[in-house]
Amino acid sequence: MKKLFFAAMLLMTSVVSANADNDERAINVAQLPQTAQSFLTANFSGKTVAFAVEERKFFGTEYEVVYTDRTEVSFRSDGEWESVETKYEQVPSSVVPAQIADFVAKGGFEGQFIKEISRDRYSWEITLSSGIEIKFDKQFNVIGYDD
């Protein structure tokens, strides 16, 4: 009986996992939430969109927009941006909070720029062009480095 129950649970877990991977579909930028569309227009109007993806999760939907220069922007289900990652240039200054920009400018990181920025409910994280990662709390106090 235990073996049967274990086999059933294993099968159920496999089916749920397999279905979770297939909840991604290509969309047009016009299908993004209005907040996301406004963010893209304000910060990336000169770039060409390569593709946009909607990924359905158990709790909400996430979106990702990739540009032809390999810039990637991720959004939460409400359309608020979650992360911006560039490959060859700096993240637009309009995306970076002034406190973080000031820290990088005055913190001994001359000649470096922010290649990636992400945020969640409790913290911000940036990656500099040198590969150094700096994590900030919500009040923009540095809480960690990783290089």
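I began with R25, which is partly exposed, with a relative accessible area of 39%. For accessibility I took buried as under 20% relative accessible area, exposed as over 50% and partly exposed as in between (1.4 Å probe, protein chains only). I worked throughout on a predicted model, in which local features need pLDDT of at least 70, side-chain atom pairs count only at pLDDT 80 or more, and totals for chains, interfaces and linings use all residues. I number residues from 1 along each chain as its sequence is written, and side-chain values use heavy atoms, with hydrogens and water left out.

Entry: salt bridges

I counted a salt bridge wherever a side-chain nitrogen of Lys or Arg lies within 4 Å of a carboxyl oxygen of Asp or Glu. The count by this rule is nine salt bridges. Side chains of opposite charge can pair when their charged atoms come close.

I looked up which residue R25 pairs with, and found a salt bridge to E54 at 2.6 Å, N to O. This pair links distant parts of the chain, since R25 is in strand β1 (residues 24-27) and E54 in strand β2 (residues 49-57), 29 residues apart. E54 counts as buried, at 7% relative accessibility.

E54 also meets R56 in a salt bridge, at 3.7 Å, N to O. I noted R56 as partly exposed, with a relative accessible area of 46%.

I then turned to D78, which forms a salt bridge with R76, the closest N and O atoms being 3.8 Å apart. D78 counts as partly exposed at 43% relative accessibility, and R76 is partly exposed too, with a relative accessible area of 28%.

Entry: overall layout

I took helices (H or I, at least four residues) and strands (E, at least two) as DSSP runs, numbered from the N terminus. The protein has three helices and nine strands. Along the sequence I read the pattern α-β-α-β-β-β-β-α-β-β-β-β.

Of the 147 residues in the protein, 31% are buried. Contact here means heavy atoms within 4.5 Å. Among contacts between residues at least 6 apart in sequence, 36% join residues at least 24 apart.

Entry: the nonpolar core

I defined a nonpolar core as a set of buried Ala, Val, Leu, Ile, Met, Phe, Trp, Tyr and Cys residues joined through side-chain atoms within 4.5 Å. The largest such core has 27 residues, and those with the most contacts inside it are F39, L40, F75, V84, I114, I117 and I126. At least two core residues come from each of α2 (34-44), β3 (60-67), β4 (72-75), β5 (81-85), α3 (98-106), β6 (114-119), β7 (123-128) and β8 (133-137). With four residues, α2 gives the most to this core.

I listed the partners of V84, not counting residues up to four places away in sequence: F39, F44, E72, V73, V91, V95, K115, E116 and I117.

Which residues of α2 are buried? I found A36, Q37, F39, L40, N43 and F44. They cover an arc of only 160 degrees around the axis, which puts them on the same side of α2; the arc is that of the directions from the helix axis to the C-beta atoms. An α-helix has 3.6 residues a turn, so residues three or four places apart point the same way. On the other side of α2, I recorded Q34, T41 and A42 as exposed. The cover over the buried residues of α2 includes β3, β4 and β5.

I located S83 in strand β5. S83 counts as buried, at 17% relative accessibility. Leaving aside neighbours within four places in sequence, S83 is in contact with E72, V73, S74, I117 and S118.

I located S129 in the loop between β7 and β8. S129 is partly exposed, with a relative accessible area of 30%. With neighbours within four places in sequence left aside, S129 is in contact with G111, Q112, F113 and K115. I also noted that the C-alpha atoms of S129 and I114, 15 residues apart along the chain, are separated by 6.1 Å.
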